[in-house]
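Please examine how the copies of the chain are arranged and what they contribute to the surfaces where they meet.

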Amino acid sequence: MKERTTGRLSDLVEGLHERERDDHSHATTSEDVPQSRRVFLARSSLLTLAIPGVGAALAACSPSGATRQDTTGQGAAADTSHGRAGRGIHNSDSRLDSAVLKPEHRPGTSATGSATQDAANVAYHRRAPELPALPSGNVQRLHFQAREAPVRIDDTTVVAAWTFEGDVPGPIVHTRVGDTVEITLTNDAVVPHSLDFHAAQINPKEAFKSVIKGQSLTFAFTPKYAGAFMYHCGTAPVLMHIGSGMFGAICVSPREPLPPAKDFVLVQSEFYLAGAANGTRASDYQKMLSTLPDVVCFNGRPNQYVKEPIRVKVGDRVRFWVVSAGPSHPCSFHVVGEQFDTVHLGSPPGNAIRGVQTFNVAPGGGMIFELVCDVAGEFPFVNHAFRHGQKGAIGLLVVE
Amino acid sequence: MKERTTGRLSDLVEGLHERERDDHSHATTSEDVPQSRRVFLARSSLLTLAIPGVGAALAACSPSGATRQDTTGQGAAADTSHGRAGRGIHNSDSRLDSAVLKPEHRPGTSATGSATQDAANVAYHRRAPELPALPSGNVQRLHFQAREAPVRIDDTTVVAAWTFEGDVPGPIVHTRVGDTVEITLTNDAVVPHSLDFHAAQINPKEAFKSVIKGQSLTFAFTPKYAGAFMYHCGTAPVLMHIGSGMFGAICVSPREPLPPAKDFVLVQSEFYLAGAANGTRASDYQKMLSTLPDVVCFNGRPNQYVKEPIRVKVGDRVRFWVVSAGPSHPCSFHVVGEQFDTVHLGSPPGNAIRGVQTFNVAPGGGMIFELVCDVAGEFPFVNHAFRHGQKGAIGLLVVE
Amino acid sequence: MKERTTGRLSDLVEGLHERERDDHSHATTSEDVPQSRRVFLARSSLLTLAIPGVGAALAACSPSGATRQDTTGQGAAADTSHGRAGRGIHNSDSRLDSAVLKPEHRPGTSATGSATQDAANVAYHRRAPELPALPSGNVQRLHFQAREAPVRIDDTTVVAAWTFEGDVPGPIVHTRVGDTVEITLTNDAVVPHSLDFHAAQINPKEAFKSVIKGQSLTFAFTPKYAGAFMYHCGTAPVLMHIGSGMFGAICVSPREPLPPAKDFVLVQSEFYLAGAANGTRASDYQKMLSTLPDVVCFNGRPNQYVKEPIRVKVGDRVRFWVVSAGPSHPCSFHVVGEQFDTVHLGSPPGNAIRGVQTFNVAPGGGMIFELVCDVAGEFPFVNHAFRHGQKGAIGLLVVE
């Protein structure tokens, strides 16, 4: 693992090793407005905000919470003293980065930085569901830029999103067991971000740590297991970062190729939306904590494969690499008019069950679903938990 | 597959191929009241209503939403233009059939047509949980009538339901891998309905399409896999049709019989209820989208097998064919005081795990749970997600 | 099975065999205040309260509900007449014990008896996550006392809990397939309680029945299957008793030992809290029925293993025995930066899948997750359903 520039601040579980010095000395008051972006960003990672649990009013986002100071640099050993918490029920991992509290946007939403800029001019585009071809060679080098961007998810809705590479979900990665993925994350966003690959066995304290605007971090890993794995930003509060759009899929093929098939990747995720500038809709942290999603969809757009279906031929084997990105809900994956001859609960090959109508993919998990298209027709694929399927987690597989 | 009368209107994913002509020309205003039932029904399938997402007031059901016109008949090829949507977040599959908007009942509920008629006189009856015997012969012909009916689910509650054959759930079907099921659906309800069998591998665009009042549709299928499968109405919005009572189970035995057992079928489902005419309770679409169920139960009645238990003998093997009809929640199936020696995650035989206390059956899915009654006693079976189990998903297995 | 003193009152599914005599003769009015504790407790089990479903106001806990009289003693055979229910939707198992309605505490919460006493002086302590060593011999005798107790779950929160042995969760039990566990439950709480072990195959009507204050019940069982099993109080309403803290884990090792590993037990559970006396927070039944939890955590304290991590060495195999106690939600268990080489879906050995990032443990269920610590670092383990993970279901595995 090599680092170009280490993110010296918050790591995956931000504040784990923090000790409080003065509960109020860094309170986010109006006097606390940073004098420069650099100072602001440095302070962003120092200041955090206690977020009360479910049902708390949005006013809970006011900067009255407890303040902590990151002392990670002072010692790697975990501090075993109990973290001091503010009033009410909250936890050390449910703090919202203070960057989110800037007066120019609604507190507690993703409408930060450039997320709402030029929103009216953002075009809709369908996300190609096809599994990308394996790259040549045994080492794949990737560069993801974390940045705020408006993303059009349907004709009437532009989401003020936090993204990898400007879209939700981020790029679909395809690699092979035993090959190496070297990934560089560069942060061009106001808020610190990081990159957690579920296909990697690696020390997250180093590889998955947060980087601030202008900085980069590079790490490499060699997947040990085949499967459909999630990646996501792991910066605290993780709920907010996944819920605002920072997730994607890495598909790992086994060394011995799976049977020939048409391979598609479906990443289910949720949006919890509130009004924001320029007619956009921003992801709302309080809604994530307290209510059902407004939209549940595959590959970032509600019903996109209803509007523009996935097309295959009679006789094709179809292999869906399904990832439940959440942040909170599973996918009860089902194809209307079909049955899966194989569902890989664990890593393929092996670990599969046969003859399945629907199976639950846990949030943060992935499974591979296979069927053979014996019959021509139009086969909707859905999240059969219909309170969610009804909100956009539906598409069409057309067999011609 | 043969059709007596094709349902020429909405198919499973109603409106997939629609193009809008005039956003307002068919708005469901008072001037829009049909002059005859025939005209009304034809228009019912033409008019649809955009339903905003979670948290929308019931007022959202007022006929101010976007209107679409079904042009399915104009071309089978999918329209790849993006569906135009109304204000706010909604999707092409979350529209409520305009028949539901008739002034004589509460908008957005199942209190349509005859659903509330003579409700006070409807008697309670326990649903027999026993798996029906396999019919003789290799072809089974069934006829389901879709109709509105009041269904008494306990002493004080009559639900204004949408049903197959007048009850919730619909009839339990038992067949065998390789045998043929020929099913005719006749619609005697105000709203279009359809029939989606999870045990069938068939083109849903034809077999599972909607039929209107007075029309029928016949299709046949030959199950390839054994298991406990759901069937349900697949007419949009599917959430509303399942949530209003239109579901059941088809149990498919393998060619080689499973070990002798006492076989029982348990279909878990949810009710989301609002007040309706004649003292009934109607299924409420907004509640389905936004809140927890009022009732969760097996075979359509809360606690019915507490009141009148399932009875077996010491030494019996008991096989529960468990289907989670939802529309939205899984079943964490558990038997108090017992452990499953076998849970068939996929199609039996094979695909089973041993020594299980509780396993999750995804909504839209089914699994088979087996145990051996070594001990006499009274063994509650429950959904161990107790916020739901507490609402009626509990019964008693008495071993004598 | 031997009983010291039989609990003669409510059994697991309280009120199953009840017949109503007079709907109002025992109404819990002010005139109905018991003259002595003994009389009160006897009446507590006789009186029950109908709890309406979701959305009911807390006022629903006022003593205006239907009243039933326990006639269990009058005949063991199940009464097959339909239970008579009060107005609205409720079920025979959703009644709150009337002891909970005493005027000195908030109705419908766990702030009963001594649950709030001396709360300010209760110290926080970390729950050791290590699997206890197997006891010597083939018979293990345990004695659990059911009692109300304030439990400090973090620096600012003391929960007025219902407990086994004064803590949440109750003691972790470790036994072996074929060995015998003999357990005595003594009730020192105001409310009747019971003890349901998922590792036991036994008649719950006798073994798991409720006992009242001062009484004891002893039963013994011999686990047939290895695995991570839940135990809990099964007194109606079960949702309230689990939700108030009465649960734990019994880990059953196979006769042939599993491969050497560092074994840890993680019991995930939820808190639904309301204000109570002495600055405590009490578990609130209406919140359990209607909303999301305030806290989700492992072993009873939010983020406790973030504050004081679990520590192992490079090269160790780590085996997590994960139990989802609920009362209502699953655990999507994941370790950041790692992958499970083995997840035992059913009883080990066998019934396992390989190469897993995240798997769903159903509420009321348990699974065993194994990984090998090839890499040094700090690996957060989480419930990857982040609306819940964010509320405290996170910890740290430090590999040194």
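The model is a predicted one, and the values given here are computed from it. Chain A can be laid on chain C by a turn of 120 degrees with a shift of 0.0 Å along the axis, and the RMSD of this superposition is 0.0 Å. The two copies are thus related as by a three-fold rotation axis. Only 6% of the interface residues of chain A are also interface residues in chain C, so the copies meet through different surfaces.

| Interface | Residues in contact | Buried area and share from carbon and sulfur atoms |
|---|---|---|
| chain A and chain C | 62 residues from chain A, 52 residues from chain C | about 4,300 Å², 55% |
| chain A and chain B | 52 residues from chain A, 62 residues from chain B | about 4,300 Å², 56% |

**The interface with chain C.** Between chain A and chain C there is one salt bridge, in which A:Lys224 is paired with C:Asp374, the closest N and O atoms being 3.5 Å apart. The interface of chain A and chain C also holds 19 residue pairs in polar contact, counted where both residues have pLDDT 80 or more. On the side of chain A that touches chain C, the elements that give two or more residues are helix 2 (204-207), strand 7 (227-232), helix 3 (238-243), helix 4 (285-290), strand 18 (358-361) and strand 19 (365-372). Sorted by class, this side of chain A consists of 30 nonpolar, 26 polar and six charged residues.

**The interface with chain B.** One salt bridge is counted between chain A and chain B, and it joins the side chains of B:Lys224 and A:Asp374 at 3.5 Å, N to O. Across the interface of chain A and chain B there are 19 residue pairs in polar contact, both residues being at pLDDT 80 or more. Several elements of chain A each supply at least two residues to the side that touches chain B, among them helix 5 (304-307), strand 15 (331-335), strand 18, helix 6 (386-389) and strand 21 (394-399). Strand 20 of chain A gives the most to this side, with four residues. By class, the side of chain A that touches chain B comprises 22 nonpolar, 16 polar and 14 charged residues.

Terms used:
Residues are numbered from 1 along each chain as its sequence is written. Chains are lettered from A and ligands numbered from 1 in the order in which they are written. This is a predicted model: local features need pLDDT of at least 70, side-chain atom pairs count only at pLDDT 80 or more; totals for chains, interfaces and linings use all residues. Side-chain values use heavy atoms; hydrogens and water are left out. Copies are superposed by least squares on the C-alpha atoms of residues with pLDDT of at least 70 in both. Contact means heavy atoms within 4.5 Å. Buried area is the accessible area (1.4 Å probe) that two parts lose on being put together, summed over both. A salt bridge is a side-chain nitrogen of Lys or Arg within 4 Å of a carboxyl oxygen of Asp or Glu. A polar contact is a pair of N or O atoms within 3.5 Å; within protein, one must be able to donate a hydrogen and the other to accept it, and residues adjacent in sequence count only if both atoms are side-chain atoms. Ala, Val, Leu, Ile, Met, Phe, Trp, Tyr, Cys and Pro count as nonpolar, Asp, Glu, Lys and Arg as charged, and the others, Gly among them, as polar.
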